[in-house]
Amino acid sequence: MDPSVERTKPETQTFGGLFLRFLRFGCLAWGGPFAQIAMLKRELVEEERWIPVEQFNRVYAVYQVLPGPEAHELCVYFGTLARGRLGGLLAGLGFMLPGFVLMLALTWVYVRFGFASPGIAAVFAGMQAGVIALIARAVHRIGEH
């Protein structure tokens with residue numbers, strides 16, 4: 001690592017700013033853990049240089065062997081790095097909140113309307129087809145290698 005490269009100090013983040021930053025990550029976190037982790041690495045490690053790439057790789061390697069979602073664990077790590085335990089809590093909550101709200105809304109729609117409504121049944125059938133297509137494409141891509 002070049003010592004002349006200046007690092008951004010993550011401590012300058014306010015608690016509200018930290019929460020909103022990771023809420024944005026949570027809203028943009030489509031594409032699974034690889035896309036989420038790449039987004040975190042690009043913005044916080046490569047662009048803003050919160051930590052060196054080597055340190056990120058070590059931390060990520062540890063999180064890969066621990067149970068749980070690595071992307072969420074990395075968000076908590078960066079939040080803790082920036083603002084201590086409360087920062088870790090806020091970063092983790094911000095990252096998790098959009099997916100939680102989406103699942104809660106879909107659950108409410110399912111419980112409220114069920115499959116009694118043909119429109120709702122069609123939406124859920126379309127979602128099933130989309131998930132099957134995503135899985136088939138992933139299997140195909142892996143099979144190409």
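Student: Is Arg83 buried, exposed or partly exposed, and why?
Tutor: Arg83 counts as partly exposed because its relative accessibility is 30%. Buried means under 20% relative accessible area, exposed over 50%, and partly exposed in between, with a 1.4 Å probe and protein chains only. A caution: this is a predicted model, where local features need pLDDT of at least 70, side-chain atom pairs count only at pLDDT 80 or more, and totals for chains, interfaces and linings use all residues. Residues are numbered from 1 along each chain as its sequence is written, and side-chain values use heavy atoms, with hydrogens and water left out.

Student: Which helix holds Arg83?
Tutor: Arg83 lies in α4. Helices are DSSP runs of H or I with at least four residues, strands are runs of E with at least two, and both are numbered from the N terminus.

Student: What lies 3.4 Å from a polar atom of the Arg83 side chain?
Tutor: The backbone oxygen of Gln13. As for Thr14, its C-alpha is 8.0 Å from that of Arg83, although the two are 69 residues apart in sequence.

Student: New topic. Which residues touch the most other members of the largest nonpolar core?
Tutor: Phe22, Phe25, Leu40, Leu44, Phe56, Leu74 and Phe78, out of 23 residues in that core. α1 (15-27), α2 (32-47), α3 (53-65) and α4 (70-113) each supply at least two residues. The largest share, eight residues, comes from α4. A nonpolar core is a set of buried Ala, Val, Leu, Ile, Met, Phe, Trp, Tyr and Cys residues joined through side-chain atoms within 4.5 Å.

Student: What is Leu74 in contact with, beyond its neighbours within four places in sequence?
Tutor: Ile37, Leu40, Phe56, Val59, Tyr60 and Tyr63. Contact means heavy atoms within 4.5 Å.

Student: And α1, which residues are buried there?
Tutor: Leu18, Arg21, Phe22, Phe25 and Gly26. They sit on the same side of α1, because they cover an arc of only 145° around the axis. That arc is taken from the directions from the helix axis to the C-beta atoms. These buried residues pack against α2 and α4.

Student: Zooming out, how many helices and strands are there?
Tutor: Five helices and zero strands. The radius of gyration is 19 Å, well over the 15 Å that the globule rule gives for 145 residues, so the chain is more spread out than a compact globule. That radius is taken over C-alpha atoms, and the rule is 2.2 Å times the number of residues to the power 0.38.

Notes: A polar contact is a pair of N or O atoms within 3.5 Å; within protein, one must be able to donate a hydrogen and the other to accept it, and residues adjacent in sequence count only if both atoms are side-chain atoms.
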